[in-house]
Amino acid sequence: MGFLHPEHPVLDDLGWYIVDNLPTTLIDPFIDLAAKQGSELTKLALGVRAKTGDGFAAPVAASIAVGRLGCFQAGCCYGAATSVPWAVDFGDGVLRHPTQLYEAALEGIVLFLLLWILSARPRPLMAVSGLFLLGYGVLRFLVEFLRMPDAHLGYLAHGWVTMGQLLSAPMMI
């Protein structure tokens, strides 16, 4: 059903057309840009002048856990073939690492707990958001060794560097 009128699903169709045809390498940067611009516009509208990154770091980590559970449910972003006892068949007849669950646990739950503990104590400004970037970058970089690279990209260098690792590297600096 469209937003303009139930019989004319123009906006819904346009939105899904853009999402379906957007190169997957651009989806995450567009989401990040939209989130950043949306938060800055909201702060401007509300007259908030303070830096708010520390307040958002732990909730973002928790939302990563929820998002990765959605990935597991959808069967996307799965891992490489494996013989570990907890391997999952995502419908292609191959037992794979459930990397979505690894990421939900590490980048979501573990990182959330670390950030929550740090945010409850006196700390320097932006320490919580700095820890989020470092923690997410390191954990995502490591889990990428067990994930399948993006099908349309493959490995970018040396037979093991993935786009996820490349995008995570700046977070660790």
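Reply: Let's take α5, whose buried residues are Val128, Ser129, Phe132, Gly135, Tyr136, Gly137, Leu139, Arg140 and Val143. Buried here means under 20% relative accessible area, with exposed over 50% and partly exposed in between (1.4 Å probe, protein chains only). Keep in mind that this is a predicted model, so local features need pLDDT of at least 70 and side-chain atom pairs count only at pLDDT 80 or more, while totals for chains, interfaces and linings use all residues. Residues are numbered from 1 along each chain as its sequence is written, and side-chain values use heavy atoms, with hydrogens and water left out.

The helix itself checks out: its 17 residues should span 24 Å at 1.5 Å a residue, and the end C-alpha atoms are 24 Å apart, which agrees. (The expected span is 1.5 Å times one less than the number of residues; helices, H or I with at least four residues, and strands, E with at least two, are DSSP runs numbered from the N terminus.)

What does the buried side of α5 pack against? Its partners are α3, α4 and α6 (163–168), with contact meaning heavy atoms within 4.5 Å. Part of this shows up in the largest nonpolar core, made of nine residues: Ala57, Ala58, Ala61, Ile64, Leu111, Leu115, Val128, Phe132 and Tyr136. Such a core is a set of buried Ala, Val, Leu, Ile, Met, Phe, Trp, Tyr and Cys residues joined through side-chain atoms within 4.5 Å. Two or more residues each come from α3 (53–74), α4 (99–119) and α5 (127–143), and α3 gives the largest share, four. Zoom in on Ile64: beyond its neighbours within four places in sequence, it touches Glu107, Gly108, Phe132 and Tyr136.

Now the rings. Those of Phe, Tyr and Trp (its six-membered ring) pair if their centres lie within 6.5 Å; planes under 30 degrees apart are stacked, over 60 edge-to-face, the rest tilted. That gives six aromatic pairs. Phe132 counts as buried at 13% relative accessibility, and Tyr136 does at 11%. Tyr78, by contrast, is partly exposed at 27%, and ring pairs link Phe72, Tyr78 and Phe90 into a cluster.
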